[in-house]
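Me: I have a model open and would like to go through its side chains with you. Could you take it slowly, please?

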Amino acid sequence: MGRVEPQNPDSGNSIKFPLSFSAALAAVAGLVTLVVSAGGTIHGLRWDLGAIAFGIAFVVTLLLSSLMVMGHKENEDYLSEGSGVNRRSADRLKQIKTDNAAQGGPADNTHDGETPSR
């Protein structure tokens with residue numbers, strides 16, 4: 001079950017999007033740090049700080065975006081069948097409404113203004 005690879009490589013579990021997103025964000029962070037850390041036109045560019053900012057931004061963004069992409073997984077169809085935890089809420093609500101309608105009660109779970117007795 002959990003070891004099945006997706007049939008479509010363009011699905012959400014591909015590493016291409018997080019990798020390109022991380023590279024773009026890291027390039028922006030590195031460029032901004034490179035320019036800002038210079039301290040004006042008199043001083044030279046600080047390539048060391050720009051590279052450090054690029055590396056940190058790349059690793060952190062890649063980690064977070066990969067975890068978010070891997071965390072998203074569509075449920076299998078069989079998980080919504082059965083009883084208990086694996087049932088869908090919409091099906092349970094529909095079943096309650098049909099049971100109440102069959103018994104002659106209200107279609108929803110309201111009690112027509114009655115307060116519960118203790």
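**Side chains, one at a time**

Reply: Phenylalanine 54 counts as partly exposed because its relative accessibility is 36%, where partly exposed lies between buried, under 20% relative accessible area, and exposed, over 50% (1.4 Å probe, protein chains only). This is a predicted model, in which local features need pLDDT of at least 70 and side-chain atom pairs count only at pLDDT 80 or more, while totals for chains, interfaces and linings use all residues. Residues are numbered from 1 along each chain as its sequence is written, and side-chain values use heavy atoms, with hydrogens and water left out.

Me: Ok, how many aromatic pairs are there?

Reply: The count comes to 2 aromatic pairs, by a rule in which rings of Phe, Tyr and Trp (its six-membered ring) pair if their centres lie within 6.5 Å, and planes under 30 degrees apart count as stacked, over 60 as edge-to-face and the rest as tilted. Phenylalanine 17 and phenylalanine 21 form a stacked pair, at 6.0 Å centre to centre with 20° between the planes.

Me: And what separates phenylalanine 17 and phenylalanine 21 along the helix?

Reply: They are separated by about one helical turn, because they are 4 residues apart in helix α1 (residues 16-36); helices here are DSSP runs (H or I, at least four residues), numbered from the N terminus. Phenylalanine 54 and phenylalanine 58 form a stacked pair too, with 6.1 Å centre to centre and 5° between the planes. Being 4 residues apart in helix α2, phenylalanine 54 and phenylalanine 58 are likewise about one helical turn apart.

Me: Is phenylalanine 17 buried or exposed?

Reply: Phenylalanine 17 is exposed, because its relative accessible area is 57%, whereas phenylalanine 21 counts as partly exposed at 38%.

Me: Switching topic, which side chains meet in a salt bridge?

Reply: Arginine 46 and aspartate 48 do, at 3.1 Å from N to O, and a salt bridge means a side-chain nitrogen of Lys or Arg within 4 Å of a carboxyl oxygen of Asp or Glu. The count comes to 1 salt bridge. Side chains of opposite charge can pair when their charged atoms come close.

Me: How accessible are arginine 46 and aspartate 48?

Reply: Arginine 46 is partly exposed at 36% relative accessibility, and aspartate 48 is partly exposed at 42%.

Me: Last one, where is leucine 64?

Reply: Leucine 64 is in helix α2, which covers residues 47-71, and at 47% relative accessibility leucine 64 counts as partly exposed.

Terms used: Helix = DSSP H or I, 4+ residues; strand = E, 2+ residues; numbered from the N terminus.
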